[in-house]
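Reader: I would like to learn how to read the interface between two parts of one protein. Could you take me through it step by step?

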Amino acid sequence: MSKNPDGKQIKVGILGATGTVGQRFITLLAEHPWFTIHALGASSRSAGKPYVQAVNWKQTMPIPSIVREMIVQECRSQHFVDCAIIFSGLDADAASEIESAFRSSDLAVFSNAKNYRRDPSVPLIVPLVNDSHLSIVPQQQALHDPPLKKGFIVTNANCSTTGYVIPLRALEKAFGPIESCLVTTMQAISGAGYPGVPSLDIIDNIVPYIGGEEEKMEWETLKILGGITDGDDGRKTFDMHARHPLRVSASCNRVPVIDGHTMCVSVRFQRRPPPSPQQVREALVAYTPEAQSIGCPSVPVHAIFVHEEPDRPQPRLDRYYQDGAGVSVGRVRQCPVLDIKFVVLANNVSIGAATSSIINAELAVLKGVVKVE
């Protein structure tokens, strides 16, 4: 097994380990070349049990042997002190207090929960887009009372936001600012967690409402695609794309698909004349995020895979390409209302959730944000 650049295996803990996201963390980390699962945390109902007895396993692969007999702990920091990294798959109703306590115990938390995404000192990172936002972590540590040496919280984005900001970032990098964006999502039922949407609500149906989702997409996009500036008080702040205002309108729908969020996207560029569909295809194919160039082991070969077929991407055919770590784009064409429109498919339980947190942690190790002793 290959090692991280310091030549050591890095001990990690998983919070919410029995839940859907926690299970996905386990499947991805069980054979990770740098990280080794050292501790599992869940509710008091599961604490004290071997993992195999505590979990209602819903993954397509068997429970990895490394965790089958591992005793589940309560989500208290004293059980995780030997871990350099904590991955949180906690539900939002529990995440605020627990993640804050772990940070206060000087532990590095990579969260899949929404609770700290709006915190002005917490980076909201899609690892194939804006890893430069890790630069605000030292300020987060300095502002904590008392100041922290190793502890912090980094969040990843909403699963639907993650999917479409990757091609948006590629287009802004190639052609300059985007002025406006319309996005309509067709979101898989796994995005609602387990047991999720009742069968009588989703079979033979589309639900044109997901609580809070549209507002999250519209807001998170600005934080992710924006930069970091120095405020008048000397503190760094997220500029929310203010230098080139971006308007986003999202419409979110739940559809009867198990995994894989599909999004129809239309964009208008500030640049006049706008790029052609062929120029857009070439820019998407050429996009290379820093996570690829500096050697993160979990990044896909193609951050964006562009399909030429007229009927792709499709969830059933494309959601597990590259183990769901990249996104698929197809149907790139002119938009008669804005400039360009296309279809994006992202695996919501991989790059939209656990995979993003894992690559964020890999980036933090390579950039020295995580202190590995």
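Reader: How much area do domain 1 and domain 2 bury between them?

Author: The size of an interface is often given as the accessible area lost when the parts come together. Here domain 1 and domain 2 bury about 3100 Å² between them, with 59% of it on carbon and sulfur atoms, where buried area is the accessible area (1.4 Å probe) that two parts lose on being put together, summed over both. In domain 1, the residues that lose the most area to domain 2 are Arg118, Leu128 and Asn158, together 26% of what that side buries. This is a predicted model, in which local features need pLDDT of at least 70 and side-chain atom pairs count only at pLDDT 80 or more, while totals for chains, interfaces and linings use all residues. Residues are numbered from 1 along each chain as its sequence is written, and side-chain values use heavy atoms, with hydrogens and water left out.

Reader: Which residues make up domain 1 and domain 2?

Author: Domain 1 covers 10-158 + 354-367 and domain 2 covers 159-346, bounds that come from an automatic or database domain assignment. Their centres, taken over C-alpha atoms, are separated by 24 Å.

Reader: How many salt bridges does the rule find across the interface?

Author: The rule, which asks for a side-chain nitrogen of Lys or Arg within 4 Å of a carboxyl oxygen of Asp or Glu, finds four salt bridges across the interface of domain 1 and domain 2. Elsewhere in the list of pairs, Arg117 forms a salt bridge with Glu220, and their closest N and O atoms are 3.0 Å apart.
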